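Visitor: I'm new to this structure and would like to learn how to read it. Could you walk me through a few features?

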Amino acid sequence: MSNLSAAASNLGALDAAHHIHPFSDMQKLNAAGTRIIERGEGCYIFDNHGKKYLDGFAGLWCVNVGYGRKEITEAVMRQMNELPYYNTFFGTTTPPTVLLAQKITSHAGPNINRVFFTGSGSEANDTWFRMARVYWATLGKPEKKMVIARRNGYHGSTVVGASLGGMKYMHEQGALPIEGIVHIGQPYWYGEGADLSPAEFGLKVARELEAKIDELGEDNVAAFVAEPIQGAGGVIVPPETYWPEIARICKARNILLVVDEVICGFGRTGQWFGHQHFGVEPDLAPIAKGLSSGYLPIGGVMVSDRVGEVLVNEVGDFNHGFTYSGHPVCAAAALENLRIIEDEKLVERVRDDVGPYLAAGLKSLEDHPMVGQTQCVGLMAAVQLVEDKADRKRFEDKEKAGIEVRNHCLANGLVLRATGDRMLYSPPLVISRSEIDDMITITRNGLDHAW
Ligand code: PLP
């Protein structure tokens, strides 16, 4: 009997005794008991009691090509046997690392031709933060180092990532944000738009950036960062007016535009990258998650020519990097993952087929008294829960509403996430129409139960 199966009967107790989970109240978790997921296939995961769940969340927004793709595990095995590790620090690289950098940039706009590799999305955010400051310092503007981010944005949980993020509960732990990072409002029309139209509200929130730059002084601001569509903040799709105005302001005020593609990248929105959906061109763009569909940890920063030329030709040593920057086995997994996305035309599938199908399915829920609005771009979606949709009145206890729907869905075999009073959807890009039908049916039952 293997050690793993010998321990299997006892895993819950071992977990409670020895494992501190991320983002968890361990006392509550240990009292409730952790769910142990043993296996995955397609869009389904299976727990250690054999219960099957439709994974409406693709793990953690990342398993874009679905579970059980033997092509990826075989590519990983081949690379493991060939060369399990070598670094990219001291004048060396490895074949999959090079090929991956080229492959990623082939799907970005013409002005993006370089990638810096990291191990995660948080590291990617730490990386561009330093790049932006180094860029301006090299151009003779060392004072240009403040970064403007957004309330309720999410950029990871390292010290820089959590500081860039605009979540109060993250800042409260660890005395964040660090100096040099400030926040403006978010384009959350349903919750904060009051009497303005979505278009008016989009412009108003975008112009907070202009006001903040004026307040800080243009010569002190290095960059603005935002997710194309806020993910962890509640899949908040901005009004159409928002992104063009943000891009205009960044250009007019000469600050770098950083678009966090960690969730939106690699097909999630029906484009290769979320910024392409909104028609803007970032100077820097952190990536991770869907890059390898989560099969192995890898992230990076896509670097525009504007920044890349300075980093490569003027900075000299850029004293930054990680032992696992460009890890050959992770790169091999990512390369094979991107080959699958290309060959199976998953981006087009999301844009033209399953994305609109999910949007229509969710729209059909808008007749429910508890649903105020649904938003869906590609396979990234949210259902806004409300107490009274006539005047967009939200529940007093927002968490409770979301958790009740989520728990009912989970008991009925559908994994979703609730952020306050928004139900979030991010299934694998390979999901079928009938699996989407199941998501909608189970959600409706969950809503009926909670109402
Ligand atoms: N940026 C965004 C937009 C994210 O959603 C996340 C994670 O959810 C991160 C950064 C951090 O990525 P990681 O958890 O890989 O460090």
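**Reading strands, helices and contacts**

Guide: Let's start with a pair of strands: strand β3 (residues 52-55) and β13 run parallel to each other and pair over 2 bridges. Keep in mind that this is a predicted model.

Visitor: What holds strands together in a sheet?

Guide: In general, strands of a sheet pair through backbone hydrogen bonds, in either a parallel or an antiparallel sense. Here, D55 has V415 in β13 as its bridge partner.

Visitor: In what order do the strands of that open sheet come?

Guide: The order is β1-β2-β3-β13, 4 strands with mixed pairing. β1 (37-41) and β13 (414-415) each have a single partner strand, so they stand at the edges, and one side of each has no neighbour in the sheet.

Visitor: Which strands does β12 pair with, and in what sense?

Guide: One is strand β11 (residues 371-377), which pairs with β12 in the antiparallel sense over 6 bridges. In that pairing, Q373 sits opposite Q384 of β12. The two strands make a hairpin with 2 residues between them, and G378 in the turn has a positive phi of about 60°. Another partner is strand β15 (residues 422-425), also antiparallel to β12, over 4 bridges. There, A381 stands opposite Y425 in β15.

Visitor: Which way do the residues of β12 point, and are they buried or exposed?

Guide: The general idea is that side chains in a regular strand alternate between the two faces of the sheet. In β12, M380, A382 and Q384 point one way, while A381, V383 and L385 point the other way, and all are buried.

Visitor: Now a helix. How far apart should the ends of helix α11 be?

Guide: Take 1.5 Å a residue: the 19 residues of helix α11 (residues 198-216) should span 27 Å, and the end C-alpha atoms are 28 Å apart, so the two agree. Just past α11, G217 has a positive phi of about 95°.

Visitor: Which residues of α11 are buried, and what covers them?

Guide: The buried ones are F201, G202, K204, V205, A206, L209 and I213. Their cover includes β5 (146-150), β6 (181-184), α10 (189-192), β7 (221-226) and α12 (242-252).

Visitor: What about a residue in a loop: where is Y86, and what does it contact?

Guide: Y86 is in the loop between α5 (70-82) and α6 (95-106). Because Y86 has 13 C-beta neighbours inside 10 Å, it counts as partly exposed. Setting aside neighbours within four places in sequence, Y86 is in contact with T92, T94 and P328.

Visitor: Last one: how many residues surround the ligand, and which are closest?

Guide: The shell has 16 residues, with S120, G121, S122, G156 and V262 the closest. Helix α7 (residues 121-138) gives the largest share, 3 residues. By class, the shell holds 5 nonpolar, 9 polar and 2 charged residues.

Conventions
Residues are numbered from 1 along each chain as its sequence is written. This is a predicted model: local features need pLDDT of at least 70, side-chain atom pairs count only at pLDDT 80 or more; totals for chains, interfaces and linings use all residues. A residue is near a molecule or strand if its C-beta atom, placed from the backbone, lies within 6 Å of it. Ala, Val, Leu, Ile, Met, Phe, Trp, Tyr, Cys and Pro count as nonpolar, Asp, Glu, Lys and Arg as charged, and the others, Gly among them, as polar. The expected span of a helix is 1.5 Å times one less than its number of residues. A residue is buried if 20 or more other C-beta atoms lie within 10 Å of its own, exposed if 12 or fewer, and partly exposed in between; C-beta atoms are placed from the backbone. Two residues are in contact if their C-beta atoms, placed from the backbone, lie within 7 Å. Two strands pair if DSSP finds at least two bridges between them.
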